[in-house]
Amino acid sequence: MREIPQLSNTDLQNITKWEKMDTPYLASLFLILFRIKRWIEAKNGRFFTSNSIDTFKGYSINQSQLPYQKIFLMADYYVQIYNNDISRRLDRQHMEYPHQIDQTTINGSLFFDMIGYYSQKLKDLPDLVKEYSNKIGTELDSYPERLRDGDKFTRMLFDAALLFYYDKFGTEGIDKAITKIFLWSYTMRLTHDSVKRTTMDNYAREENSAFRIIHSATKPQDLLNWKLPIIKANSVKQKGMASIRNIFINLHQIESEQ
């Protein structure tokens with residue numbers, strides 16, 4: 001708030017939305033964004049505490065500008081100029097600031113704008129999965145083991161990786177990306193007797209994780225062409241997850257048991 005010299009109508013709207021957000025939902029939003037930001041750097045993302053606030057701090061426009069910061073300022077100024085142009089009264093178009101999870105933000109107005117932006121992105125995920133991969137979407141929402149802690153951590157991993165891809169590439173190749181991210185995240189679930197928070201954290205931080213690949217990717221194919229290892233039949237620990245295993249078998253990601 002101190003970084004906003006004068007509150008605009010947009011600032012007031014964003015802050016009002018912030019204040020009206022359900023606290024548990026806001027906490028879950030910050031947690032998933034925090035984990036993505038940490039995992040792309042292979043850092044611990046298990047818990048988001050007051051000591052982790054710096055993860056979301058950007059830079060102040062009141063300080064001297066470094067060369068790498070200029071592109072963010074240019075984007076911010078252009079979006080403001082575009083949206084405030086009198087021509088918008090005619091075409092009624094609105095441009096959003098191009099937020100990216102793995103980039104630095106500008107403190108102040110864009111922080112509140114960012115929270116609203118990613119709140120909507122996160123809410124989009126269930127419908128996005130059902131629209132582009134209905135079988136996986138239906139399965140994730142219906143299989144009976146979903147209430148166990150291990151399943152919750154695995155779903156968090158899936159949602160975080162998909163949010164990161166969606167943020168960077170939109171719906172380009174999203175159907176194949178959903179399948180790839182599902183196979184990667186649920187490989188962890190199938191090949192462990194139990195999945196704990198530490199299991200999820202270590203898996204997400206691996207060098208060949210979805211987060212590291214998406215972070216370095218310059219086009220969707222960098223993830224879509226990712227060759228995932230085939231699971232050996234005797235490596236499957238979760239024998240009860242028949243419906244999930246069937247998806248893996250149909251996609252030839254588990255070797256034949258014969």
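These notebook entries record what I looked up in a predicted model.

**Ground rules.** Residues are numbered from 1 along each chain as its sequence is written, and side-chain values rest on heavy atoms, with hydrogens and water left out.

I looked up the largest pocket and found a volume of about 1,100 Å³. A pocket here is an open set of points on a 1 Å grid over the protein atoms alone, where a 1.4 Å probe fits, with protein on both sides within 12 Å along at least five of seven lines; lining residues have an atom within 4 Å of a point. The volume is the space filled by probe spheres set on the points, which are joined across faces, edges and corners. Of the 39 lining residues, Thr10, Asn14, Asn83, His94 and Asp113 are the closest to the centre. Helix α5 (109-132) gives two or more residues to this lining, as do α1 (9-20) and α3 (70-84); the largest share, ten residues, is from α5. Helices are DSSP runs (H or I, at least four residues), numbered from the N terminus. By class, I note eleven nonpolar, 17 polar and eleven charged residues in the lining.

The second largest pocket holds about 400 Å³. Among its 14 lining residues, Met1, Lys57, Asn107, Phe111 and Phe112 lie nearest the centre. Its lining divides into eight nonpolar, three polar and three charged residues.

**Helix packing.** I then examined α2 (residues 23-39) against α7 (residues 149-169): the angle is about 75 degrees and the axes are 10 Å apart. The two are therefore roughly perpendicular (65 to 115 degrees; under 35 is roughly parallel, over 145 roughly antiparallel, the rest oblique). In the contact (heavy atoms within 4.5 Å), residues of α2 including Leu31 and Trp39 meet residues of α7 including Met156 and Phe164. This contact has ten nonpolar, no polar and two charged residues.

**Aromatic pairs.** My search of the whole structure gave 21 aromatic pairs (ring centres within 6.5 Å; planes under 30 degrees apart are stacked, over 60 edge-to-face, the rest tilted). I recorded phenylalanine 34 with phenylalanine 48, a tilted pair at 5.1 Å centre to centre and 45 degrees between the planes. Phenylalanine 34 lies in helix α2 and phenylalanine 48 in the loop between α2 and α3, so the pair ties together parts 14 residues apart in sequence.

Terms used:
Predicted model: local features only at pLDDT ≥ 70, side-chain atom pairs only at ≥ 80, totals over all residues. Nonpolar A, V, L, I, M, F, W, Y, C, P; charged D, E, K, R; others polar. Axes fitted to C-alpha atoms, helices over the stretch in contact; angles between N-to-C directions. Phe/Tyr/Trp six-rings, centres within 6.5 Å; stacked < 30°, edge-to-face > 60°.
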